[in-house]
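Q: Before we start, could you take me through this model one feature at a time, giving the general idea and then the case at hand?

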Amino acid sequence: QVQLVESGGGLVQAGGSLRLSCAASGRTFSSYTMGWFRQAPGKEREFVAAIRWSDSRTYYEDSVKGRFTISRDNAKNTVYLQMNSLKPEDAAVYYCAAGHRLEYLTIVQAMDSNGYDYWGQGTQVTVSS
């Protein structure tokens, strides 16, 4: 089993930056696609970004392209989400997820939350205006 622990959330003003980290346990970390999802009050969970294990190709929700960057360090069993130029609409609880053990998954597959087997507890991101 894989355990995921997010950190790095907090309060930031609009236009500021945060870097989220997700520390994972498990010997098969490098074979999992890693994703970030977020959920704001009153809204459903939303795909943010993903990085596939085979070649580290990345996928992003359109609204965060150019502002957010997902990366992974397999040696440290850690995935990151660098968030720049934050907007109030980015405020949410951010969740790290591991799953989709396909060698070359598509963006449609990466966006499907049902394909992720393990989830972290979430970290709160608050953006003030």
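Q: Is Cys 22 buried or exposed?

A: This is a predicted model, and within it Cys 22 is buried, because its relative accessibility is 0% and buried means under 20% relative accessible area. Cys 22 is found in strand 3, and its C-alpha lies 19 Å in space from that of Val 64, a residue 42 positions away in sequence.

Q: How should I read the pairing of strand 3 with strand 8, and how many bridges join them?

A: As a general idea, the strands of a sheet pair through backbone hydrogen bonds, in either a parallel or an antiparallel way. Here strand 3 (residues 18–24) and strand 8 (residues 78–83) run antiparallel and are joined by six bridges, with Ala 23 standing opposite Thr 78 of strand 8.

Q: In what order do the strands of the open sheet come?

A: The open sheet has four strands, in the order 1-3-8-7, and their pairing is antiparallel. Strand 1 (4–7) and strand 7 (68–73) are its edge strands, each pairing on one side only, and neighbouring strands of the sheet are turned against each other by 15° on average, direction ignored.

Q: Where is Arg 67 placed, and with which side chain does the side chain of Arg 67 make a polar contact?

A: Arg 67 sits in the loop between strand 6 (58–60) and strand 7. With a relative accessible area of 9%, Arg 67 is buried, and its side chain makes a polar contact of 2.8 Å with the side chain of Asp 90.

Q: Which residues make the nonpolar surface patch?

A: Ile 107, Val 108 and Met 111 make this patch, which covers about 260 Å². Met 111 lies in helix 1 (residues 107–111) and counts as partly exposed because its relative accessibility is 42%, a value that falls between the limits of under 20% for buried and over 50% for exposed.

Key:
Residues are numbered from 1 along each chain as its sequence is written. This is a predicted model: local features need pLDDT of at least 70, side-chain atom pairs count only at pLDDT 80 or more; totals for chains, interfaces and linings use all residues. Side-chain values use heavy atoms; hydrogens and water are left out. Two strands pair if DSSP finds at least two bridges between them. Helices (H or I, at least four residues) and strands (E, at least two) are DSSP runs, numbered from the N terminus. Axes are lines fitted to C-alpha atoms, for helices over the stretch in contact, and angles run from 0 to 180 degrees between N-to-C directions. Patches are made of residues with over 30% relative accessible area and no salt bridge: like charges are joined within 9 Å, nonpolar side chains (Val, Leu, Ile, Met, Phe, Trp, Tyr) within 5 Å. Accessible areas come from the Shrake-Rupley method with a 1.4 Å probe; for residues, only the protein chains shown count as cover. A salt bridge is a side-chain nitrogen of Lys or Arg within 4 Å of a carboxyl oxygen of Asp or Glu. Buried means under 20% relative accessible area, exposed over 50%, partly exposed in between (1.4 Å probe, protein chains only). A polar contact is a pair of N or O atoms within 3.5 Å; within protein, one must be able to donate a hydrogen and the other to accept it, and residues adjacent in sequence count only if both atoms are side-chain atoms.
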